[in-house]
Amino acid sequence: NTNKQSYEFNLRGSSALKLNVLMPNSMVFGSVNPAPVELYAQTLYGCNDGQSICYYSTQDKSGSYVMFYDTNNVDGISTQRQDLSSGNHKYYIQCIDAGGNVAKDTLNFNLNIDTSAPTVSRVYQENNMLKIETVRGSDCTYSFNNCDFSFAEGTEMSYANSTTHATDWNKDKTYYIKCRDAFQNEPADCSIIIRPSENFLSD
């Protein structure tokens, strides 16, 4: 049978697909074990302005690649959550667009998991202020009653997300202090209890 009806056939050229952003690509911190880590890939160019389907693998072998959970988006961004333990991690990333353009790259990062509460390393009085220092950036609150208070119920110390924390000095009060880091690690009791005396913490 002769096909007497013609049809239009279009060919469209495209530039190479490019992996523009891959994350994480250095040190990652977590507060639970295993820790959730988001793999992030963004593609550009190709036949659909970066829109592509991305896959990941830890082996770079045929049949080992798994499609990202959220992929084939018009903005070229693909994401995938992984729950990982501490240590070095390596992922092979492969993205393919509708025109068959392929972009490949490798992710390398180190995951550091710390589930401990921040520790107070120094206490001193300065310019009529009580100051404490923590071993890493944190927020601190306090109560004059006891350690039986939630972090949100306490009075905030200044310099949030810092290693130095300060509040007004009152030699007649006992300070019950709790410190919490960016991963919400905090002590079950107090980080430190400070009971001032006449000769305590002089400059």
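Student: What share of the contacts with a separation of 6 or more comes from residues 24 or more positions apart?
Tutor: It's 61% of those contacts in the protein chain, where contact means heavy atoms within 4.5 Å. Keep in mind that this is a predicted model, where local features need pLDDT of at least 70, side-chain atom pairs count only at pLDDT 80 or more, and totals for chains, interfaces and linings use all residues. Residues are numbered from 1 along each chain as its sequence is written, and side-chain values use heavy atoms, with hydrogens and water left out.

Student: OK. How many helices and strands are in the protein chain?
Tutor: There are 0 helices and 14 strands. Both are DSSP runs numbered from the N terminus: helices are H or I with at least four residues, strands are E with at least two. The radius of gyration is 27 Å, well over the 17 Å that the globule rule gives for 203 residues, so the chain is more spread out than a compact globule. That radius is taken over C-alpha atoms, and the globule rule is 2.2 Å times the number of residues to the power 0.38.

Student: And what box do the C-alpha atoms fill?
Tutor: Roughly 105 × 30 × 30 Å, taken along the principal axes.

Student: How much of the chain is buried?
Tutor: Of the 203 residues, 38% count as buried. Buried means under 20% relative accessible area, exposed means over 50%, and partly exposed is in between, with a 1.4 Å probe and protein chains only. The chain exposes about 12400 Å², with carbon and sulfur atoms supplying 43% of that. Those areas come from the Shrake-Rupley method with a 1.4 Å probe, and for residues only the protein chains shown count as cover.

Student: Switching to cysteines. How many disulfides does a search of the whole structure find?
Tutor: It finds 3, a disulfide being a pair of cysteine sulfur atoms within 2.5 Å. One of them is C54 with C95, whose sulfur atoms are 2.0 Å apart. This pair links distant parts of the chain, with C54 in strand β4 (residues 53–57) and C95 in strand β7 (residues 87–96), 41 residues apart.

Student: Which handedness does the C54 and C95 disulfide have, and why?
Tutor: The torsion about the S-S bond is about 105°, so the disulfide is right-handed. C54 counts as buried because its relative accessibility is 0%, and C95 is buried at 0% too.

Student: What about C140? Which cysteine does a disulfide join it to?
Tutor: C179, with S to S at 2.1 Å. The link has 105° about its S-S bond and is right-handed. C140 and C179 are both buried.

Student: Is the link of C147 and C190 left-handed or right-handed?
Tutor: Left-handed, with -120° about the S-S bond. S to S is 2.0 Å in that disulfide. The two ends are in loops, C147 between β10 and β11 (155–156) and C190 between β13 and β14, 43 residues apart. C147 is buried with a relative accessible area of 12%, while C190 counts as buried at 15%.

Student: What's the pairing if you number the bonded cysteines in sequence order?
Tutor: It goes 1-2, 3-5, 4-6. C47 is in no disulfide, and the nearest cysteine sulfur, that of C95, is 13 Å away. At 13% relative accessibility, C47 counts as buried.

Student: Surface next. Which residues make the nonpolar surface patch of about 290 Å²?
Tutor: M27, F29 and F183. Patch residues have over 30% relative accessible area and no salt bridge; like charges are joined within 9 Å and nonpolar side chains (Val, Leu, Ile, Met, Phe, Trp, Tyr) within 5 Å. A salt bridge is a side-chain nitrogen of Lys or Arg within 4 Å of a carboxyl oxygen of Asp or Glu.

Student: Where is F183 found?
Tutor: In the loop between β13 (175–181) and β14 (192–194). F183 counts as partly exposed, at 34% relative accessibility.

Student: Last one: what does I192 touch?
Tutor: Not counting residues up to four places away in sequence, I192 touches V120, V123, Y175, Y176 and I177. I192 lies in strand β14, and its C-alpha atom is 8.7 Å from that of T119, 73 residues apart along the chain.
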